[in-house]
Amino acid sequence: MNILHKINKWIICLVILGNFAYSQDQNSELVATLKIKLQKTTVDTTKINILNEIAATYRYSNPQEGLKYGRNALSLSDSLNWKKGMAEANENLGICYQTEANYTEAINHLQKALQLYKQIPKKSAVSGTLKNIGLVYLVQKKYPEALFYFEQALKINQLLNNKLLIVYGLNDIADVYFKQNNNSKALEQYKQSIKINEEIKDNNGLAYCYARIGEIYSKQKEYPKAVSYLSMALSKYDKNQIGNIDNALKQLSEAYLLMSKSDTVNKNKYIALSKKALEQTSSKQQQYSQSTDSLKESLRKATEDTTRINILNRLTSSYFYTNPKEGIPYGERALKLATKINWKKGIALAYNNLGVCQWVLTDYNKAINYFDLSLSKYEELNDQTGISEAYNNLGLVYVEIKKHNQAFKYFDKAFEINKKTGNKISMVYNLNNIASAYYNEKNYRKAFEYYTKSKDLNLSMYDLNGLGYCYSKIGQIYSDQKRYEESLDYFKKALNSYDKSQTYNIGNNYIGMGIVYYKMALVNSSNKKQLLAQSAQSLNNAAYLFTQKGILDRLSICYLELYKTKKEQGDFTEALNYFEKHNTIKDSLFSNESQNKLTNLQSKREIDLRDKQIEIQKLKINSDYRKVYLLVTITITIAILFILFFWLYIIKRNTNELLLNKNEEISNINKQKDKFFSIIAHDLRGPFNGFLGLTELLAEEIDDMDNEEIQFAAINMRSSANNLNRLLENLLEWSRMEQGLIPFSPQESNLVKVIKECVEPLQDAANKKAITIETIINQNLKIFADHHILQSVIRNILSNALKFTPKKGKIKIYAQEDLKNTIISIVDSGIGMDIKMIENIFQLDVKTNRRGTDDEPSAGLGLILCKEFVEKHRGKIWVESEEGKGSTFNFSFPKNNTINAI
């Protein structure tokens, strides 16, 4: 509904922009032609003429460009001392500065142009420049100065007997008198202008004068005369005078409204005439001609049923906010035809459109029924966009009837759907609707929260108009909270965000600013005058926009706020004038509002009645529930008994399974214990026997041994002691791990650094066998593991590689990573393994130990520890080997922090 509401405004804006673009295209073509001529010419005076012509083209559309070319023309003219070129350049510069509101520079250049034209002499140019100077003073509200220059220009034109320029001069003078509230003098000048326009048969000139006279009589509350002159103006204007015709129609509409205030007998008649005049403006006509007429023509030509249904639905939507009663028959036709061919999409859209029409007409009960039916059809189609729109529309209706809790439920459902489908535009509308409902409840905190969410979403889409709307609403919240400085800040942000097409929103923003300035003036006596002036300026800006668009309800608010501001300024005449305008518009809207309120009350009554019926139906259902309660209770009791017996059976079965598992676990523990004692009995006994034999030899025969023999015995004793120590460390770590006593604290480490720490203690052993250890890993590679455990794994596997690699062999350490794991590979050029050993290498209950290439002892416990440690990290370890060709041990660690301590 929000999107559709903006369509009519966009149509108007597109027409205006189209006309502007057309004129801009014409100017662009002219400028392009002139620039080509400028490049080709070599004559200085011709260059000056072209430069001045380009500057003149830019005077009102792009004054900055106009100033550039005007200065070039002036500079070249000065160098030649060519007065005509200098005069024209100064005149162009003056008008460009006027467009930029730099009035001091404008007067300065125009005065220079005037003196130069007098020296040439060129009376028509003098007259034109005098008029331009008068216009600069007029825009500054310096009426005496403006009047002086307009009168001087008029005298010259009278001497030249240029009747068209005489008319313009009389109109200029009349306009000044009108602005000075000297209505008698203004009428005198306009009537003189009328005589000359009749002589030269200029109907548009006559119409202009009639319209101005009508405005004066309206101001003097002589409404019949005002209507008469405005009607004559409308009869004289050519059809291409769209802007002037629209202004006259709006003035005529206002005059009829004011007449309805003073003539209570014919009040309804004048209100109807006022509406009729307003409906004749070009914007209203264009809305109908560009939407309904073309659609009706398409409907007449269409033969396919689905095409006809689509057009009928579009026709319904085109009448949403202009004449919903006229849209309803088209919606009913679309529904009937879609039902006939069972086209669910067409049915859903027809229900939705009929719901919108009833919502605008404030028949909320019918609107809810239609939206519910639309929702049902969209759910059958699983059309998420349609479902979201139906929820949103239901929420809007419930806001209207002040049932905010129900509205929030629908808005939330719509938002969740749009969030899932990624429809950000609809999400913005949902958030704004929720915020608006909270604002109506004066829950400013929640309203601010949702407008802020909407603001952020608009920023992500670069939707400046949506952003402006949120800024404006936040400004309103701050205004209500009496945080005026913050309020103004957001209102100004809104103005900077809106584009020119957002007339309605810009007007509302100006109203908000005007009210804030007024409130600030009431509490700030030192700056009261300036604040009231700013309030009046903002409200006048709003009134101008709403007058242009004929939006009477907002215009009424402008007039009421202007009445308050003018009253506070002490300008009681203007205050009374605005109050009368407000009351007049209010009275014209009253009959419609009253009818809407009655319809609204009736709808609310019907909705409440429906809710009561639903409540009664629920009570009946509850009564039926009680009748079957006993049967259900008995059934449930039987079911509970059955479930109880089944549960006992499951418990018994699970207990038996648990006992079996425990028995298996105990069996495994016994096997591990046997292995443990086997290792102690076999692997510890051998080294200890050797160690004891060497000590006995030293104890008994040391006196007979030379130094070389003693050193040999000591080296062997040290080797036996190291092997014993390593075996005991592995046994101790295995025992602590089985008991769960090893601390587990994984963290991110630099893998190269960890490997270096592991290689250094083993370097002596590698050097003895002339084995090279090469690390081929990215210096920046990180690994997530327990530091101590990672070192233990790498040391054990490296130690094994050294044992089973012959002299002058090679050991290479690689590492790589994928999306989930870091994988380390230790490759040796050792003796390798057969398939049977590979299968049993990580088994505790199978003996796989063997001597190294230099007869180094091996218990086979280290690799079992490595497997336990790696699996503790949720990793994997595996080996690839072939007898006589070396082995590759691979082990992986998860990359992220998903490892949980066991």
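Predicted model: local features only at pLDDT ≥ 70, side-chain atom pairs only at ≥ 80, totals over all residues.
D489 and K493 form a salt bridge, with 3.9 Å between the closest N and O atoms. That distance falls inside the limit for a salt bridge, because the nitrogen must lie within 4 Å of the carboxyl oxygen.

E817 and K895 form another salt bridge, in which the closest N and O atoms are 3.4 Å apart. E817 belongs to strand β4, which spans residues 810-817, while K895 is in the segment that follows β7 (887-894). The two residues are therefore in parts of the chain 78 residues apart in sequence, and the pair ties these parts together.

The relative accessibility of E817 is 47%, so E817 is partly exposed. K895 is given the label partly exposed as well, because its relative accessibility is 34%.

## Other charged pairs

Side chains of opposite charge can pair when their charged atoms come close. The structure holds 24 salt bridges. One of them joins the side chains of K225 and E222, with an N to O distance of 3.3 Å. K225 has a relative accessible area of 41% and is partly exposed; E222, with 27%, is partly exposed too.

Salt bridges also link D175, R212 and E215 in a network.

## A negative patch on the surface

A patch of negative charge lies on the surface, where E696, E700, E701, D703, D704, D706, E708 and E709 gather. Two elements each give two or more residues to this patch: α29, covering residues 629-701, and α30, covering residues 707-738. The largest contribution comes from α29, which gives 3 residues.

D704, one of the patch residues, is located in the loop between α29 and α30. The relative accessible area of D704 is 67%. D704 is therefore exposed, because that class begins over 50%.

Strand β1 comprises residues 746-750 and includes S749. The relative accessibility of S749 is 11%. S749 therefore counts as buried, because the cut-off for that class is under 20%.

Leaving aside residues up to four places away in sequence, S749 touches V754, L781, K782, I783 and H787.

## The chain as a whole

The chain contains 34 helices and 7 strands. Of its 902 residues, 45% are buried. The chain exposes about 49,000 Å², and carbon and sulfur atoms supply 53% of this area.

Contacts across the sequence can also be described for the whole chain. Among contacts with a separation of 6 or more, 61% are between residues 24 or more positions apart.

Definitions and conventions
Residues numbered from 1 in each chain as written. Heavy atoms only, no water. Patch = residues over 30% accessible without salt bridge, like charges linked within 9 Å, V, L, I, M, F, W, Y side chains within 5 Å. Areas by Shrake-Rupley, 256 points an atom, 1.4 Å probe, with all protein chains shown as cover. Lys, Arg positive; Asp, Glu negative; His and termini not counted. Charge placed at Lys NZ, Arg CZ, Asp CG, Glu CD. Helix = DSSP H or I, 4+ residues; strand = E, 2+ residues; numbered from the N terminus. Buried < 20%, exposed > 50% of the residue type's maximum accessible area, 1.4 Å probe, protein only. Contact = heavy atoms within 4.5 Å.
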